[in-house]
Amino acid sequence: MSDSDKYPSDSGRRRFVKGVVGGAALAGVGTTGAAAINTATTSPGAGGGATQAYAIENIGGPAPRGMPQIPIEIDSEGFIKGVWPEVTTENQGGIEVTVASTDDYKGTGVTYSSEWFQYCGVESYEGIQPDYESDNYFISDSGAYEWQSETYSAGDRLNVNDFADYEEWGNGIGRAGIGMPATGTWRSQDSEDTIPIQVIRSSRIEEAAKDNEWLAASTDQGVIAWLNKCTHFCCVPGYKQAADAAKFGAENDVYCQCHQSVYDPFSVVQTLFTARPRPSE
């Protein structure tokens with residue numbers, strides 16, 4: 001698909017999946033009505049395999065696909081948490097195994113599972129094990145943004161009320177008012193491995209969620225989140241963090257400085273890839 005097909009002039013280079021598709025037909029329909037399917041494969045193995053996931057779209061650089069979205073909820077006090085799939089025990093080949101998977105997530109027809117995050121070695125992290133005990137709240141790290149480091153100490157929970165300036169926020173990189181970001185960790189308490197995440201609160205997300213079943217179910221109050229591991233070489237990219245992003249036309253996108261992969265956080269597409277197996281427990 002050509003760049004002109006993906007981003008027609010009237011789209012502002014912002015595209016969302018329209019509707020929800022079943023497992024038999026992967027299609028993320030954009031403004032042109034064309035299919036948007038990211039595919040990649042790795043070596044298969046028990047516990048992994050072909051996986052469909054929603055992701056923020058890879059639009060440039062060597063990354064093979066987008067970074068997987070984390071469905072979120074906001075509690076009554078405004079704290080943001082990533083939703084973990086339902087944990088059950090299944091009999092597979094006569095062996096009892098614990099899995100984390102939710103069929104028909106909030107009535108969308110989408111199967112959401114821990115396999116969305118099984119790449120880049122994350123499949124071996126303690127926090128990605130289905131039954132790892134966590135309250136699932138997003139925890140602020142040291143903060144990649146001035147506003148965040150001034151608002152939070154490392155270890156504080158991210159709160160939507162602290163993103164009140166999201167319709168005006170800017171940091172001198174790209175355009176202001178697109179979305180207000182923060183960085184943090186997820187399911188990493190008391191674990192040696194840290195699962196990095198990024199969130200953005202944006203009016204674009206709010207508007208798109210009004211007409212999009214998946215975004216309505218997986219975002220809240222304009223907040224979207226994803227596992228922040230580049231699908232190329234597993235580096236940690238950033239939204240409006242790198243001054244040199246403009247050299248690659250990525251000043252308003254998520255940019256990985258290591259090898260110049262670019263992701264559009266306002267374009268959510270389905271990906272098809274082979275999830276890596278989790279190590280034996």
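Trainee: Which cysteine is joined to Cys120 by a disulfide?

Mentor: Cys234, with the two sulfurs 2.1 Å apart. Keep in mind that this is a predicted model.

Trainee: How many disulfides does the structure hold?

Mentor: The structure holds 1 disulfide.

Trainee: Where in the chain do Cys120 and Cys234 sit?

Mentor: The pair links distant parts of the chain, 114 residues apart. Cys120 lies in the loop between E8 and E9, and Cys234 lies in the loop between E12 and strand E13, residues 238–239.

Trainee: Is that disulfide left-handed or right-handed, and why?

Mentor: The torsion about the S-S bond of Cys120 and Cys234 is about -90°, so the disulfide is left-handed.

Trainee: Cys120: buried or exposed?

Mentor: Cys120 has 15% relative accessibility, so it counts as buried; the cut-off is under 20%. Cys234 comes out at 25%, so that residue counts as partly exposed.

Trainee: What about Cys235?

Mentor: Cys235 counts as buried, at 15% relative accessibility.

Trainee: Changing topic. How many helices and strands does the chain have?

Mentor: There are 4 helices and 15 strands.

Trainee: Which strands go with E7 in a sheet?

Mentor: E7 belongs to an open sheet of 3 strands, in the order E6-E7-E8, with antiparallel pairing. E6 and strand E8, residues 112–113, are the edge strands, and each pairs on one side only.

Trainee: How many bridges are there between E6 and E7?

Mentor: Strand E6, residues 87–92, and strand E7, residues 95–102, pair over 6 bridges in the antiparallel sense. Thr88 has Val99 of E7 as its bridge partner, and Glu90 stands opposite Val97 in E7.

Trainee: What lies between E6 and E7?

Mentor: The two strands form a hairpin with 2 residues between them. Gly93 is in the turn and has a positive phi of about 60°.

Trainee: What is the order of the sheet that holds E9?

Mentor: The order is E9-E10-E11-E12, an open sheet of 4 strands with antiparallel pairing. Its edge strands are E9, residues 139–140, and E12, residues 223–227, each pairing on one side only.

Trainee: How many bridges do E9 and E10 share?

Mentor: E9 pairs with strand E10, residues 180–185, over 2 bridges in the antiparallel sense. Within that region, Ser140 stands opposite Gly184 in E10.

Trainee: Now the inside. Which residues have the most contacts in the largest nonpolar core?

Mentor: That core has 60 residues, and those with the most contacts inside it are Ile70, Ile80, Phe117, Phe138, Trp186 and Val199. Apart from it lies another core, of 5 residues, including Ala242 and Tyr255.

Trainee: What does Val199 touch?

Mentor: Leaving out residues up to four places away in sequence, Val199 touches Phe138, Leu158, Phe163, Met180, Pro181, Ala182, Val223, Ile224 and Ala225.

Trainee: What share of the chain is buried?

Mentor: Buried residues make up 53% of the 281 residues. The chain exposes about 11900 Å², of which carbon and sulfur atoms supply 45%.

Trainee: And what share of contacts join residues at least 24 apart?

Mentor: Counting contacts between residues at least 6 apart in sequence, 67% join residues at least 24 apart.

Technical notes:
Residues numbered from 1 in each chain as written. Predicted model: local features only at pLDDT ≥ 70, side-chain atom pairs only at ≥ 80, totals over all residues. Heavy atoms only, no water. Pairing = 2+ DSSP bridges. Core = buried A, V, L, I, M, F, W, Y, C linked by side-chain atoms within 4.5 Å. Buried < 20%, exposed > 50% of the residue type's maximum accessible area, 1.4 Å probe, protein only. Contact = heavy atoms within 4.5 Å. Disulfide = S-S within 2.5 Å. Areas by Shrake-Rupley, 256 points an atom, 1.4 Å probe, with all protein chains shown as cover.
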